[in-house]
Amino acid sequence: MRVRRGGGRGMRAIVVGAGIGGLAAAVSLRRAGCEVTLVERAPRFTEAGAGIQLAPNATRALRRLGLLDAVAARADRPSHLSFRTWSDGAEICRATLGRAAEEAFGAPYLQVHRADLHRALAAAVPSRSVRLDSAVVRVGQDDEHAHVTTASGERLDADLVVAADGLRSTARRWLFGADEAVYSGTAAYRALLPAAAVADLDLPEYALWLGPGRHVVHYRVRRGELLNVVAVFRAEAARESWTDRAEPGEQVREFDGWDPRVLRVLERAGRMLRHGLHTRAPLARWNSGRVTLLGDSAHAMVPFQAQGAAQALLDAAVLGDALAGATAADVPAALDRYVRRRLATATSVQAGSARAGEDYHLPDGPEARARDARMAAHAAENEFGPHAVAWAADAPEEPPVR
Ligand SMILES: Cc1cc2nc3c(=O)[nH]c(=O)nc-3n(C[C@H](O)[C@H](O)[C@H](O)COP(=O)(O)OP(=O)(O)OC[C@H]3O[C@@H](n4cnc5c(N)ncnc54)[C@H](O)[C@@H]3O)c2cc1C
């Protein structure tokens, strides 16, 4: 089937994958005047029952897509992040968030339920543009068109294809060969629990607890109704899955000896989800001709700076900038502009996220003490904390590089 030329400036785009990155790309390309077909393997839109943190670079991108108000309406806005020691809960340092961070970075720090974010993105893409239950099995192109083939054998043609098909991207294999997702050596127990279930524990509103080979993050979502908990640990092997369950009580045994407040949260979380954390090797380029990667397909990273979705949202906003005003003949050059704007930052955030994990997981002793002293000294100079350096990069409001 041919995707018909339509209104706007008549450029036709296929976006593969309706995760955060693909939905945001569809919104951004529509705003740039493209006619978009969004092709998703799953039979319906779904998003994990989990929280997600949206740093100011993510919320700036959402504002650019016209979606910040819709997302912020269901979000929590933490006043600060408290870094704590695993065993006794001593505060290592604080990062200021709230109004001060919003003023400094021009957009708020939000914590939301993934389903709320996904719903806001999906509401901005008309259902006539979405093809569910359509796994893409092949991506190809010639000088004038790009195309995808679905599992049913149907071929869709367009002026460009944006592959936002996640960690195990099919398109990445077609474009750049057979590298695979890489297990990071760490996995995460995850849960969302009613905030009322931990109200007696006097928890910090948003904290990151650091310990040998492990760390725990917790924060509130859905206007304080729910507590999202992520407890990261080392494991020889673990599957990448948003639905696998841990054994009953497994997380409590794994975090034996931790501050009693952390242990109570892990006990009350019940049977937690177990998620092996995977990454992709950085690429020297994401695009070829009329096809480009976006989001995790291009730069999947460990979530230790809470930046994977933020980078996907920035990709989407910048891609729209690059395509605005382009004609079908300009597509390869426009995709070059998009990748030039985004690749260096996303690659450096990927590496920074891996380094953050090494730093968080130092064994007790001189190295951990030196890290704590370093973090406290850094916080005295930089009130927004160690990750804020990523929040200023690649603001989509800037004019695109031409
Ligand atoms: C535990 C954890 C916590 C995290 N916390 C944060 C955080 O706080 N902040 C943050 O910014 N990031 C966070 N991240 C990272 C973030 O979740 C990801 O970077 C982001 O969801 C990637 O979105 P995506 O759209 O690129 O990929 P995905 O969400 O994987 O979406 C890919 C989509 O493509 C579809 N698809 C796949 N193959 C095909 C095909 N062949 N044909 C058609 N469709 C296909 C899939 O069904 C899916 O819908 C976290 C990640 C983890 C694991």
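V216 finds its bridge partner in β15, namely A231. This pairing belongs to the contact between β14 (residues 214–221) and β15 (residues 226–234), two antiparallel strands joined by eight bridges. Strands here are DSSP runs of E with at least two residues, helices are runs of H or I with at least four, and both are numbered from the N terminus. Two strands count as paired if DSSP finds at least two bridges between them.

The model is a predicted one, in which local features need pLDDT of at least 70 and side-chain atom pairs count only at pLDDT 80 or more, while totals for chains, interfaces and linings use all residues. Residues are numbered from 1 along each chain as its sequence is written.

Both β14 and β15 sit in an open sheet of seven strands with mixed pairing, ordered β5-β4-β13-β14-β15-β12-β16. At its edges are β5 (91–96) and β16 (273–279), each of which pairs on one side only.

Zooming out, the protein has twelve helices and 18 strands. Its radius of gyration (over C-alpha atoms) is 21 Å, close to the 21 Å from the globule rule for 402 residues, so the protein is as compact as a globular protein of that length. That rule is 2.2 Å times the number of residues to the power 0.38. The C-alpha trace spans about 65 × 45 × 35 Å along its principal axes.

As for contacts (C-beta atoms, placed from the backbone, within 7 Å), 76% of those between residues at least 6 apart in sequence join residues at least 24 apart.

Conventions:
Two residues are in contact if their C-beta atoms, placed from the backbone, lie within 7 Å.
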